[in-house]
Amino acid sequence: MDKAQTDRTLWRDNGVPVSERFDDPYYSLDNGLAETRHVFLDGNALPARFRPGFHIAELGFGTGLNLIAARLAWLASGTTGRLRFTSFEAFPMPPEDALRALSVFPEVAGLVEDTAALLYDPERPLIRDDIEMHLVTGDARETLPDWDGLADAWFLDGFSPAKNPELWGADLMAEVGRHTAPGGSFATYTAAGDVRRALVAAGFDVTRVPGYGRKRHMSTGRKR
């Protein structure tokens with residue numbers, strides 16, 4: 001499998017980073033951190049479900065903002081041991097761009113360098129007292145089937161299905177289901193019908209719920 005290629009970042013006037021490859025912003029134009037908390041933490045009933053060794057998996061690492069939000073929630077929860085976090089990313093953001101993108105969120109400043117370190121050297125896991133983080137580079141359609149993990153919660157955060165359909169196909173959603181622990185969950189900002197039907201077929205009870213900001217709806221689900 002070819003080594004993952006980095007994506008080129010464009011910057012809007014308001015400082016929001018946009019993927020040149022997919023012509024889609026990396027996070028909400030309103031407040032990316034608040035969006036992450038609403039969609040991925042609240043959508044997976046976190047931090048209430050945290051327990052030692054809890055494992056989050058993600059499609060689409062992006063800036064690393066989701067990782068940081070989860071790590072902040074883990075630290076605030078006082079859960080013992082390490083949060084496990086595995087992210088699948090085909091086109092990693094250049095680390096200097098991630099640093100710039102994350103600099104607009106003062107609350108995350110203490111964790112930014114760790115996150116950028118993953119992008120500098122994706123082959124090296126990030127292991128700290130509170131977290132064990134693996135960044136799996138390459139096409140998730142190839143890398144996820146070979147993964148031997150089971151996630152307690154999935155963050156499905158690829159670029160929009162209309163612009164990045166490869167990351168939302170039925171076969172890949174089936175792999176998400178296959179790599180979800182019993183009673184595990186997913187959350188995603190999209191409410192696209194094709195994605196929801198694929199996740200139902202993958203073994204999830206899927207619910208459409210209010211989205212963040214300008215997004216009327218998003219999707220959540222629990223493994224049957």
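1. Contact here means heavy atoms within 4.5 Å, and the points below concern a predicted model. Leaving aside neighbours within four places in sequence, Ser-219 is in contact with Phe-186, Ala-187, Thr-188, Thr-190, Ala-191, Arg-196, Val-206 and Thr-207.

2. Ser-219 sits in strand S11, which spans residues 217-223, and has a relative accessible area of 1%, so the residue counts as buried.

3. The crossing of H3 and H4 is right-handed. On the H3 side the contact is made by Pro-95, Glu-96, Ala-98, Leu-99 and Leu-102, and on the H4 side by Val-112, Glu-113, Thr-115, Ala-116, Leu-119 and Tyr-120; these residues divide into 8 nonpolar, 1 polar and 2 charged.

4. Helix H2 (residues 65-77) also packs with H4, at an angle of about 140° and with the axes 10 Å apart, and the two helices are therefore oblique to each other. The crossing of H2 and H4 is right-handed. The residues making the contact are Leu-67, Ile-68 and Arg-71 of H2, together with Val-112, Asp-114, Thr-115 and Leu-118 of H4, and they divide into 4 nonpolar, 1 polar and 2 charged.

Notes:
Residues are numbered from 1 along each chain as its sequence is written. This is a predicted model: local features need pLDDT of at least 70, side-chain atom pairs count only at pLDDT 80 or more; totals for chains, interfaces and linings use all residues. Side-chain values use heavy atoms; hydrogens and water are left out. Helices (H or I, at least four residues) and strands (E, at least two) are DSSP runs, numbered from the N terminus. Buried means under 20% relative accessible area, exposed over 50%, partly exposed in between (1.4 Å probe, protein chains only). A crossing is left-handed if the near helix is turned anticlockwise from the far one by less than a right angle, and right-handed if clockwise. Ala, Val, Leu, Ile, Met, Phe, Trp, Tyr, Cys and Pro count as nonpolar, Asp, Glu, Lys and Arg as charged, and the others, Gly among them, as polar. Axes are lines fitted to C-alpha atoms, for helices over the stretch in contact, and angles run from 0 to 180 degrees between N-to-C directions. Angles under 35 degrees count as roughly parallel, over 145 as roughly antiparallel, 65 to 115 as roughly perpendicular and the rest as oblique.
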